[in-house]
Every structure is written in structure tokens, then in C-alpha cells.
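Please read the following report alongside the sequence and the model.

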Amino acid sequence: MNSHWISIGALIGMFVLATALPINMGLLAFVGAFLVGTLVAGMGTKAIIGGFPADLFLTLAGITYLFALAQNNGTIDWLVRMAVRAVRGRIAAIPWIMFFIAALLTAVGAVSPAAVAIIAPIALGFAAKYGINPLMMGLLVIHGAQGGGFSPISIYGGITNKIVAKAGLPLNEMATMLASMGVNLAVAVLLFFLMGGARLMRMKADADGSVPATPRVSHAQGGAQVYGDAEGEALSEERNTAARSSDSLMRAAPEQDAAPQSRSYQVATVVGLLALAVLTLFFKQDIGFVSITIGLVLTLMAPNLQKRALGQVSWPEIMLIVGVSTYVGVMDKMGTIDFVGHSVAQLTSPLVAALLLCFVGAVVSAFASSTAVLGSLIPLAVPFLQGGSDVSAVGFIAAMAVSSTIVDVSPFSTNGALVLANAKGVDRDRFFRQLMVYGGLVTLVAPLLVWLLFVVL
């Protein structure tokens, strides 16, 4: 059997096994990367480890640690109350504020994961406090970030436009930008009403941030993430001594004015979050290193919060994401991604080839870099786009752009992983399955839809 098909079959087998048994798929993926890399591809250990996404690991660990600190010291609850007052208690406006802020950040040059990393923890804090569907809130943040991602000055837009210009294809920057925003906005509107938006439109919070009806929030929740096995282990040494202080942090901070020392610490935390945004968005610093650095500074101000916050880092989810990414890295080095792309591009019908390239872009991007997918698949379409076919180059670029980025809702992508890691008051396994099912649905439907809209019609 061809080595490429073996690697694809192994990936499918991992999904089946992880679905049937309560086994972290990241463990399966690491073992798969080792076995397929060494036995099938003849790769050395260093080459296999080279696919480990260190930047993604650092981003997930740093962001969840920093926002665990912010939650534990009451800063997130404080920000939530101020934001509700700013929208005059209109709960239904909150998801849309998050959508458009995320879109604005990516439109002016932020990378999509950076925007989601900054907005998602705060947005999901709102969701937990006001009974907003956390899946809907997280998806609106991601779709907002993807919607603004193809402006001419954005990262995705700049890279795509350069690739198109280099390939000698017709270029229409505004068409790509409007296609991305239009599709993501339409999906966001649909999700809003399907996931409880009508109920939110009938709700209004009081000036102090409270709502008349008690929101459906799990009070077993603590910090930025639900306590999982990793946190349980981290808390075992300090449970008896820290329980009273942690309870006071979680109960007193949202309901009453903080003491001066506590409020000053919250102000310092807000300054740290603003510094995170400025350093990552405008000075292009690595968000993982910056978030850990800011977290360390805040930890030095209140050392007793450190162990608890470290336990709240979403280690199982991080293991899953980096494991799958490492396996996909092995597939990439084996040439499996190029093999699939070239096999599709060699089809005789340009329309069918365009559709299948959109599907390949969606499937691969759900696990790997959207930028890399755009850079590798658009050039494959040059022969039939320049060969006098009925396929519009502008329409194909718009379809490829949307289908390769809208799938970042997958829990295996950075954006989906950030939402999963920061979800509050949820059954983590169930939430992961919901993201995976939604991501799979988008991967199957979006390429066909955008192909019909921008290529066929």
C-alpha cells in the first residue's frame, strides 16, 4: 500500500479509536507520528519532533494560565460588570460585540489566533455569567476573527494577495474580503438564533451586572477552566489550605467592591491584558511568551495564586492539539499533503478540480496552518485557471480563502483549541465533541457552498 494512504488510514483509525474509547487522541497521535514516521516514512526522531508545534503549545499554555490568574483574582468578573453597564444591560448585544471586535482586530493586522486568544477568554466569561450558550459565544468569536481576516492589510489578505499576484492570476482584494466577511457573518447570524439568541433578546441585566433569572452556570467551576484531572492533581497538595481563600476570591469579588489591595491587583491585571494586546498586535511579539511573562509578573505580586492557576491550564486539551499537529507535521514531511493536492489538481474537469481543492483546503486547514494551505493549494490551480476554463480565478480565490479558514472552528485548530481551553461551566468532553461535530459539518458543507456561490454561479 502507498505510504500516503497508510498515513491517512492511520489518522482515520485514531479518530475511530478516540471516539470509541475514552483515550486522549493526542496520545494516539504521538504514537502514530512515531510509528508512521519511523516504520513507513523512514524518518528519524529529530525529524518527527520537528513537527511538534512549540508555538501552539506555548500559546495555549500561556493564555490559559494568564486568564486563570485574571479569573481567580476577580478581574474577569470586574470587566464583565463594566461591559454590561456599557451596553446598558442588553445581553443579546454581547456576542455581537465580541464578533465585531475580533473581526476588527484581524482586519487591522492581527493574526487570527492572537485575536481569538485575547477575546475568547473574556467572551466565554460573559457566557458563563449570563447563561449564554458557550458554544455559540466561542463560535461567534472565531467567525468574527475569520470574517475580518482577508482585508488588504490583514495577515491572511496580504499573504493570499501576494500568492495570487505571483501566480499571475487576476486579483480582486475587495471580493475576497467581502466574501469572507459575508459568509462568516451569515453563519454567525444563523448560529445566534439557533443557539438561543432569541432568548437573549428578551433578557436585560441590571446596572450591577445581575440578571433577574439565575443563569445556568455550573458552580463547580473555578477559574478559567473547569477543574479536570490535571487540576485535581495540582490541587491535591494545597486543597485544605487554599479552599477558604479560593472560595472568598470566587464569591466575594463578583458581588462586592474589592478591597483596595485587591482592586489594585485587578488594575494591574487589566494593564497586563492591555499590554498583551499591544505587544502582540502592534509589535508582533509571540503571544505565548508574552502571556507567560505577564502571568509571571502577576504571580510575583500574589504568589499563592500560582499553583492553582497552573492547575487550571488545559493540559489534556493541549496534549490533544499538539499531538494531532505533530502527526499532521509527519504527514506533511512525507509529502502526503502535496500528494492529495496534486492528485486533485490533475482531474480533467476544472469545475470538479476547483471543488475538490476547496475540500482539500478545508480538511487540511482544520488540522494545520491555513496560511500554509493557501500558499500550497492556490498555485496548484494555476494551470486550469489560466487555461481558458469556465472557472473564474477571482471566484476560486474567494472560495479557497473562505473554505480554508472558516474550518478553524475545529478543536484541532488553534482557534478552536483556544475556545475549548477557555470554556467555563461545561462538560469538557461534551463541549469537545460539539466543536468536533460542528467543525466536521463546516468542513463538509462550507467548501460546497462557497464553490456554488463563487465558482459556479
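This is a predicted model: local features need pLDDT of at least 70, side-chain atom pairs count only at pLDDT 80 or more; totals for chains, interfaces and linings use all residues.

Residues are numbered from 1 along each chain as its sequence is written, and side-chain values use heavy atoms, with hydrogens and water left out.

**Helices and the chain as a whole**

The protein chain contains 24 helices and zero strands, where helices (H or I, at least four residues) and strands (E, at least two) are DSSP runs numbered from the N terminus. Helix α4 covers residues 54-72, and its 19 residues reach 27 Å from the first C-alpha to the last, close to the 27 Å expected at 1.5 Å a residue; the expected span is 1.5 Å times one less than the number of residues. Of the 19 residues of α4, 16 are buried, so this helix is largely enclosed by the rest of the structure. Buried here means under 20% relative accessible area, exposed means over 50%, and partly exposed lies in between, with a 1.4 Å probe and protein chains only.

Helix α19, residues 350-365, has 16 residues that should span 22 Å, and its end C-alpha atoms are 22 Å apart, which agrees. Among the buried residues of α19 are A353, L357, C358, V360 and V364.

Over the 457 residues of the protein chain, buried residues make up 53%. The chain exposes about 19500 Å², of which carbon and sulfur atoms supply 67%; these areas come from the Shrake-Rupley method with a 1.4 Å probe, and for residues only the protein chains shown count as cover. Among contacts (heavy atoms within 4.5 Å) with a separation of 6 or more, residues 24 or more positions apart account for 81%.

**The nonpolar core**

In soluble globular proteins, nonpolar side chains tend to be buried together. A nonpolar core is a set of buried Ala, Val, Leu, Ile, Met, Phe, Trp, Tyr and Cys residues joined through side-chain atoms within 4.5 Å. The largest such core holds 139 residues, and I94, M137 and F396 touch the most other members. Helix α7, residues 112-130, gives the most to this core, with 12 residues. Leaving aside residues up to four places away in sequence, M137 touches several residues, including I94, P95, M98, L124 and F126.

**Aromatic rings**

A search of the whole structure finds 11 aromatic pairs. Rings of Phe, Tyr and Trp (its six-membered ring) pair if their centres lie within 6.5 Å, and planes under 30 degrees apart count as stacked, over 60 as edge-to-face and the rest as tilted. The rings of W96 and F99 have their centres 5.6 Å apart and their planes at 65°, so they form an edge-to-face pair. W96 and F99 are three residues apart in helix α6 (residues 93-107) and are thus separated by about one helical turn. The rings of F99 and F100 are also an edge-to-face pair, because their centres are 5.0 Å apart and their planes stand at 85°. W96, F99, F100, F192 and F193 form one aromatic cluster, and relative accessible areas for four of these residues are listed below.

| Residue | Relative accessible area | State |
|---|---|---|
| W96 | 18% | buried |
| F99 | 0% | buried |
| F100 | 43% | partly exposed |
| F192 | 2% | buried |

Charged side chains also lie over rings, where NZ of Lys or CZ of Arg is within 6 Å of the ring centre and within 35 degrees of the ring normal. K129 lies over the face of Y130, at 5.9 Å from the ring centre, and the charged end of R263 sits over the ring of W78, 4.6 Å from its centre.

F192 is placed in helix α10, residues 173-194. The C-alpha atoms of F192 and M136 are separated by 6.5 Å, although these residues are 56 residues apart along the chain. V183 is also in helix α10 and is buried, with a relative accessible area of 11%. Its C-alpha atom is separated by 7.8 Å from that of V402, which is 219 residues away along the chain. Not counting residues up to four places away in sequence, V183 touches V402, I406, V450 and F454.
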